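Subject: Structure handover

Hi,

Here is the structure I promised to pass on.

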Amino acid sequence: MTPADLSRTVLHAVCRAVEDGVLQAPVPASVSVERPRPGGRGDYATNVALRLAGPAGQQPRAVAEILRDRVDKDPGIERVEITGPGFLNFTLRPDAESSLVRAVRARGAQYGHGTALDGVRVTFAPGDEPRVRVLTHTVVQLLRTQGAVADIQADAHQTLRAVPATGQDPIQQYGSDAGRWALLSAAAHDRPRDAAAFLVQRESNPLFKVRYAFSRTHALTRAAAQLGLSPAPEIPADAPDLTAAIGDYPAVLLAAARHRAPDRLARHLDLTADAFLAFQPSVLPSGKPMAAHRARLALAEAAGTVLAGGLSLLGISAPEYL
């Protein structure tokens, strides 16, 4: 079960509670799930009960209990607990990692794309400054991944705003990859770093690190093929940080689209690259390949799917050899 699956499961529980007449509140367009905060439990948590309590005229814990009764029998969920004033905390089944990897493999480049913004229509003006133009184009791509109808037209009135880069257009000066990363990896209200820093080939450069991590996923696949090892997510790969990064990717895409913030995606790719590079030494066997190695290879390839998909949305190349 991915975070997007869990979000839909909770949303369906809200719909059923409203239909059953035990919850009298407007059904939200979506439900946000995230990693538990200090004091929370399990794999994911949501504050939807607190959001619905006021409109429903009920205590948050009472709303949480209504929703818990409607989600705790889902086959992907092992346990649902209520903490604090009414947070719902979910512990997923032990095979959740394998299910996640299978979902990534099945969806490929479309992993993380969804329908949360179906019905949303937005048209932006192209902007007359290099950073605004790149930001606008990227935001349109992000919105489309979530089902929104987004476009750019010269006569539009909605214009994105961003602190411009100093000096020349960094894309013209340093190339598309370094220039776009410089313009998109900083929040719009912050001045972007000098794109020259993103040409340096070392892991202190997040752009190089992300692209290098992607190339390593392909190097592992090539080396595995020479060993006769194929990916198979049959058992957990025991890599919680990387699994969490891959599982959180759909929620990051949705948040980046909602908030018009490609920098959220860039930061998540950096985090995913860190998790993968720490994990990669365990992928290939030193002796006879086992089921654990096949599972690790499948997880590594899933990481490559996320890294390539995210870079593509930022308009940055993902070379297989670096």
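This is a predicted model: local features need pLDDT of at least 70, side-chain atom pairs count only at pLDDT 80 or more; totals for chains, interfaces and linings use all residues.

Let's start with helix α8, which covers residues 206–226, and helix α11, which covers residues 291–313. Two packed helices are described by the angle between their axes and the distance between the axes. Here the axes come within 9 Å and cross at roughly 145°, and the crossing of α8 past α11 is left-handed. Which residues make the contact? On the α8 side they are Val210, Arg211, Ala213, Phe214, Thr217, Leu220, Thr221 and Ala224. Facing them from α11 are Leu297, Ala300, Glu301, Gly304, Leu307, Ala308 and Leu311. Sorted by class, that contact has 10 nonpolar residues, 3 polar ones and 2 charged ones.

**A charged residue in a strand**

Next, find Glu81 in strand β2, which spans residues 77–83. Is Glu81 buried or exposed? Glu81 counts as buried because its relative accessibility is 18%, and the cut-off for buried is under 20%. Its side chain has a polar contact of 2.9 Å with the side chain of Arg41. Leaving aside residues up to four places away in sequence, Glu81 touches Arg41, Phe87, Leu88, Asn89 and Thr91.

**Strand β4 and its partner**

In a regular strand the side chains alternate between the two faces of the sheet. You can follow this in strand β4, residues 121–124: Val122 and Phe124 are on the covered face, while Arg121 and Thr123 are on the uncovered one. How many bridges join β4 to strand β5? There are 4, and β4 runs parallel to β5, which is made up of residues 149–152.

Gly114 is in the loop between α4 (96–107) and β4. With a relative accessible area of 27%, Gly114 is partly exposed. Gly114 and Gly147 are 33 residues apart in sequence, yet their C-alpha atoms are 6.3 Å apart in space. Gly114 touches Gly147 as well as Thr145 and Gln146, again not counting residues up to four places away in sequence.

Going back to α8, look at Asn205 in the loop between α7 (176–184) and α8. Asn205 has a relative accessible area of 2%, so it is buried. Its contacts, apart from residues up to four places away in sequence, are with Ala197, Phe198, Leu199 and Val200.

Most residues other than glycine have a negative phi. That is why I picked out the next two for you.

- Asp238 has a phi near 55°, a positive value in a residue other than glycine. You'll find Asp238 in the loop between α8 and α9 (240–258). Asp238 counts as exposed because its relative accessibility is 68%.
- Arg260 also isn't a glycine, and its phi is positive at about 55°. Arg260 lies in the loop between α9 and α10 (262–279). Its relative accessible area is 24%, so Arg260 is partly exposed.

Cheers

Conventions
Residues are numbered from 1 along each chain as its sequence is written. Side-chain values use heavy atoms; hydrogens and water are left out. Axes are lines fitted to C-alpha atoms, for helices over the stretch in contact, and angles run from 0 to 180 degrees between N-to-C directions. Helices (H or I, at least four residues) and strands (E, at least two) are DSSP runs, numbered from the N terminus. A crossing is left-handed if the near helix is turned anticlockwise from the far one by less than a right angle, and right-handed if clockwise. Contact means heavy atoms within 4.5 Å. Ala, Val, Leu, Ile, Met, Phe, Trp, Tyr, Cys and Pro count as nonpolar, Asp, Glu, Lys and Arg as charged, and the others, Gly among them, as polar. Buried means under 20% relative accessible area, exposed over 50%, partly exposed in between (1.4 Å probe, protein chains only). A polar contact is a pair of N or O atoms within 3.5 Å; within protein, one must be able to donate a hydrogen and the other to accept it, and residues adjacent in sequence count only if both atoms are side-chain atoms. Two strands pair if DSSP finds at least two bridges between them.
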